[in-house]
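Biologist: I would like a close look at a single part of this model, and then an account of how other parts are held.

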Amino acid sequence: MVGLPYDCLANPLGAVRLTFEKAVGAGSDPAALDGKDWGTADLFRQFLFDEGALSQVPILNSSTIKRVQPNTLVRFRGMIQDMLGNEFYVGAYKDGCKWRTNKFADASPCPVDASSDSRIWERQLLYCVPVPGQNSWVESSHESIKNPYTESISPPREKRPREDDSTMTDVDMVESGHVPEDSPNLKKMREDGRTIEPSDLQMIGTEGKSSNLSLLPDLERNSFPCLVKIYDSPESSLKLNDVFEFIGIFSFDPDLTVDSDNTDELEEGFCEDALVYLPPAKVPRLHCIVHRKIGVNDFLSSPCLELTPSAIREVREALLANLTAVLGNDRVAAQYVLLHLLSRVHARVDSIAVGKLSLNLTSFNKESISVFANRIKLAMENILPFTECLPLTVDYLNTVSLAPKKDYTTNRLASGFLQLAEGSHLTIDETTLQSGTLNSTGVENVRVLKNMMQTQKVEYDFTYYKMEMAADVQVLILSEGKSNILPADLVVPFRPSAVDPALGVNGEMLKAWRWYLATMKSLPHAIEPHMQKVVEDDLVAARQADRSLGSQEFSRWLTMGRLMSISFGETSLSMEHWQMVKELETLRKERST
């Protein structure tokens, strides 16, 4: 069998340009290729997934960027923090009598004659960041496999001269189009008296963006951002806060860098979007060929575990024992924490997020919080991929912005603390809250927090209006008494009896716990007709015994029944598990009286 005439890892642009030339040679009109794939995506999907080459593609992050060579295939895993709109570029042009493409590239490898026939295409720009709260073990479990294309980047070289047709390897793209006549970028060029040439269009940035150096990434919050350029994909398939794996061509072009000291040029508007022109060392570019939405399971290493009911019970008991030890031998609190960690929003009915189970552990004092707060924090970090901690103080609430806010000066969405990915865990320490006065920012932050806990939605501030964005964040509150600020679904008094030394947990056991939590929480669940009757009778009896019970309590019990079942790997509620829920609730109420 004859091998491929290009290396998809080391020379992906070769594959792009060759497939483009084949498509044009087969009679495809370059004008009809904008927004369409001419075989490139299928070729790479076959290479990556059918032939199992995905593991050979290095992951682009802060530790590997110095070793990854430009114009090679990489993958970046991150959350869509902002959607920057569309960018126009010269997608195809005629070089003599031959059509070439600039798809999946920042610029043409050879000069484009101003008089040559060309096609202006469009691509989406996404500002992506590592998933907020991503723990260090997640990255270490996905170290890229060493390959000959992750070497040190050599010093910037001069651009290579035009290559012969036989060695030309360029990128492909879709359908031809034209930049709208009313484009602000084109208007500015006309006003400046400049002739609009294809080489100018190559560098046209996102429309409507203002240049501002404040677009430099927040390196503490977003430690390694990446500007991802998307081709041939409907905008509806990509949503804010979704986590994706983008596989594409890493771009490093020193000609695109901007002297950060020369701010006058930026202020005068020669760069329509400062972000596009930031040095790639700060915000690398990735021209995406294939992308896929990923969940928590995609960040985990599979344990050496046989998927059987007995194995699931063993893992459950081991995890529960560890949580009990972390919580000072309080097994009741540990059981509630386990259910809490398995919760997720699996449906929405009007404003109700079905499946959430926020938890408020109370009865902490200065002594106990100093001992257990860090133990709980470390336990969450060890078993969950995405965790955040929020120390609730008056000063913090009065100064930060928890909700993302649109900055119309830069036309960017400024990230807020609560811009979290689906499946994240948030621990709030309310024991640090002292008496004080909340200003308008603090009051708004409290309202946003409360709304997220009640509806699992976060209000994004667009100045002139607010937009609710769906969330799925597990919230654990540590407090002295029942939190009056943040109403949790469950309030459990904390009753530690001992402080055991830190338990040594081997790596395989941690892998099993992580796999268990991610896999069990995604299980489907149903209540069979015979159990529906049992549950209804119990709810009616409970209502007759206590008239203060309402729909919220009943909904919580049903959620707990579901979580108790899936904690054992079961997909339907059994009498045994329903009884366990009732007994657990009885113990909790005894503590509260």
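How many of the twelve residues of helix H8 are buried?

Modeller: First, the ground rules. This is a predicted model, in which local features need pLDDT of at least 70 and side-chain atom pairs count only at pLDDT 80 or more, while totals for chains, interfaces and linings use all residues. Residues are numbered from 1 along each chain as its sequence is written, and side-chain values use heavy atoms, with hydrogens and water left out.

Eleven of the twelve residues of H8 are buried, so the helix is largely enclosed by the rest of the structure. Buried means under 20% relative accessible area, exposed over 50%, and partly exposed in between (1.4 Å probe, protein chains only). The buried residues of H8 are Val332, Ala333, Ala334, Gln335, Tyr336, Val337, Leu338, Leu339, His340, Leu341 and Leu342. Helices (H or I, at least four residues) and strands (E, at least two) are DSSP runs, numbered from the N terminus. H8 covers residues 331-342; at 1.5 Å a residue it should span 16 Å, and its end C-alpha atoms are 17 Å apart, which agrees. The expected span is 1.5 Å times one less than the number of residues. At its N-terminal end, H8 is capped by Asp330, which has a side-chain oxygen 3.4 Å from the backbone nitrogen of Val332.

Now the charged pairs. The structure holds 27 salt bridges, each a side-chain nitrogen of Lys or Arg within 4 Å of a carboxyl oxygen of Asp or Glu. In one of them, Asp82 pairs with Arg412, with the closest N and O atoms 2.7 Å apart. Asp82 sits in strand S1 (residues 73-95) and Arg412 in strand S12 (residues 412-414), so this pair links distant parts of the chain, 330 residues apart. Both Asp82 and Arg412 are buried.

Another salt bridge joins the side chains of Lys356 and Asp489 (2.8 Å, N to O). Lys356 is in the loop between strand S8 (352-354) and strand S9 (359-362), and Asp489 in the loop between strand S16 (473-478) and strand S17 (490-493), so the pair ties together parts that are 133 residues apart in sequence. Lys356 is buried, at 17% relative accessibility, whereas Asp489, at 24%, is partly exposed.

An α-helix has 3.6 residues a turn, so residues three or four places apart point the same way. Asp537 is partly exposed at 40% relative accessibility, and Lys533 is partly exposed at 48%. Elsewhere, a network of salt bridges links Arg75, Arg77, Glu245, Arg292 and Asp298.

Notes
Polar contact = N/O pair within 3.5 Å; in protein donor to acceptor, adjacent residues only side chain to side chain.
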